[in-house]
Each structure stands twice: as C-alpha cells, then as structure tokens.
Amino acid sequence: MNDNSVARLVELGNYLKSRHYEFTTATPLTHQRVLRNRGDVPAQDLRDIFGWNLPFDGAMMPTPWADRLHREGLIQALETGMYKGMYQSTVRMSSLAGGLYAHSGFPTVEEDAVFFGPDTYRFAALIERELAARPLPVASRILDMGCGGGPGGIVAAQAAGGPVRELVLADINPRALALSRVNARLAQVQACTFVESDLFTNIDGDFDLIVSNPPYLVDADRRTYRHGGGDHGEGLSQRILEQAIAHLAPGGRLILYTGSAIVQGVDPFSEWAAGTAARAGCPFTRQEIDPDVFGEELDRPEYAGVDRIAAIGLVVRRPAA
C-alpha cells in the first residue's frame, strides 16, 4: 500500500464519518452466518459495503470516490459471476472508541491480513480500564508491539490523560503498518512513529507503556495475524513478555491481552508469566476477560486435552527507581 492509497483511505474514513457511518465487527463465523442469511442480495448501504464487505453497484458512491479507490486497489471490479460489473471493497472500516479503523477485507485469508474483531474491542477496553485506574505520567512514551492496524496504541494514547511524547506502532507486517498510518491519521494522533520490526529487533529505548495483542492460536497456514506458535499458540506471547520487560522505563507497564489454553483446569501460560515477572522483580496481575473464546479450535488435533481457550489480560509493572 503506497502513500496515495493511505491518503485515499484517510479520505474515505473522513467521508464515512461525515455520513455517520458505524459498524461493529463480529467474529468471522458470525460474519459468515450473516452473509449466508442475507442470501445473494448485494450491498444496500455503506455498512454493507465497508462493514459486511458485500458487492455493490458503483452508483452507490460518488463517481470520483469509486474511481480513486479502484485506481489504488481499495475496491476491485468483479468480472465474473452473478455480480459481474459490480465492485467489492478490499478493506473494511470498523467503529471503536468513537473512531473508525481500517483493516483487511473479509475473509481474512491472506498471510499478511490485518485482523480486527471482538478481541480488538476487549483489548481496547482492557487498556482503557487500566489507564483509568492508573494514569500515565505526563509526556509518556507508548509502544504498541505487533500493532496490526494500531487500535491498541491509538486507544492508549487517547486514554493517557495528557500529551504523549511518542507513540510507536511496530509490526513485522508492512501492510499492517500502512493501515496503522491510516488509522493514526483518522484518530488525529500526534507524535506517531511507525517501525517495521520483528518484535523488539528495531525498537530503541524504554517505554512508560507497552501494549500488545499478539496472535495466540495454532494456525496450520502460519498466517501472521493468527499464528502464535508454541504448543497451544502461547509462543509469541511468551517472547513479547520476556522482551518487553527489558524495555520498560522505571514505573512502566506492559498490558498484554492474549489467549491461553486451559489444560485440566490449569493455565500453564499464566503460571509461566507470573514466574517470569517474579524473577525480573516486577509485580504481576492477571484477569480472565472471557472464559471461552475460539471454542471451534478445540476440534483440531493441536488442542487435544485442552479444556477451553480463555482471553486473559496480564499487567506487568517495573518498579519505579
């Protein structure tokens, strides 16, 4: 995605705001069910186009918009089948915390797809609760590690309670960084830096807050937005927690939203995380945000013996100097 594509998406987001567009993104399974229930009916409004990702008649958008978006590959012309002659968006726009966020079109099957869904809403709510209870210092430095489209870092900057010295949005996926540039501009977040990095490889300095919502499933296709590695998807979360502690400023915090496989009533990842934080001399808290997510994954052989997958929020604090 080039600079022109980013600019066009920002214009689209602002246009949708002017039309009071809102859309809450559901799970992929719910999305599939809704489309099945809709039948073959094409898009009837902007929510259908940029939310449900349905084919649409180009006349539904002002001609300059359709031409610009098509030229940048943000909508594609359908050349075969029952929708021949219509268009379909390659991106979606979702509502969160009063703003709009661009992310990948449905279905998210590409290796470099940028995901947005119920986990994003839970992650943002966790950040808001934590910062409401313990505000950041003035002129803080924030990092969103594995930022995807950037909602975690952007929400953190907005909830900081004062000016932020720098917000760093970091991801290994260039497509994610392009969309995070769009979303930061839509949110009018200042002092924002974008870093392509394999975890902390290209990250400099310490942070008052690090937030992260890494992939936490075992994905046979090893898609970047979904595959966490390890026995049950915990591998990436472990690496982030270990490396993040070394990048916390005195008094700094890591807010990690992830999923954890519960095996015979035990949460092995959280036990490991508590031990890792203790060895580093960092206070640690855990909360179970949702006891049962991605239950369909339990049908896979990788999850044999797993009771459930829980969405959890971990906070690790480095003591003040």
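In the predicted model, contact between helix 8 and helix 9 (heavy atoms within 4.5 Å) involves Ser 237, Gln 238, Leu 241, Glu 242 and Ile 245 of helix 8, which meet Phe 269, Trp 272, Ala 273, Thr 276 and Ala 277 of helix 9. These residues comprise 6 nonpolar, 3 polar and 1 charged (nonpolar: Ala, Val, Leu, Ile, Met, Phe, Trp, Tyr, Cys and Pro; charged: Asp, Glu, Lys and Arg; polar: the others, Gly among them). Helices (H or I, at least four residues) and strands (E, at least two) are DSSP runs, numbered from the N terminus.

An open sheet of mixed pairing is formed by 7 strands in the order 7-6-5-8-9-11-10, where strands pair if DSSP finds at least two bridges between them. Strand 5 (residues 140-145) and strand 8 (residues 207-212) run parallel and are joined by 4 bridges.

Helix 6 (residues 151-158) lies across strand 5, strand 6 (164-171) and strand 8, and runs at about 170 degrees to strand 6.

Residues are numbered from 1 along each chain as its sequence is written. Local features of this predicted model need pLDDT of at least 70, and side-chain atom pairs count only at pLDDT 80 or more, whereas totals for chains, interfaces and linings use all residues; side-chain values use heavy atoms, with hydrogens and water left out.

Notes
Axes are lines fitted to C-alpha atoms, for helices over the stretch in contact, and angles run from 0 to 180 degrees between N-to-C directions.
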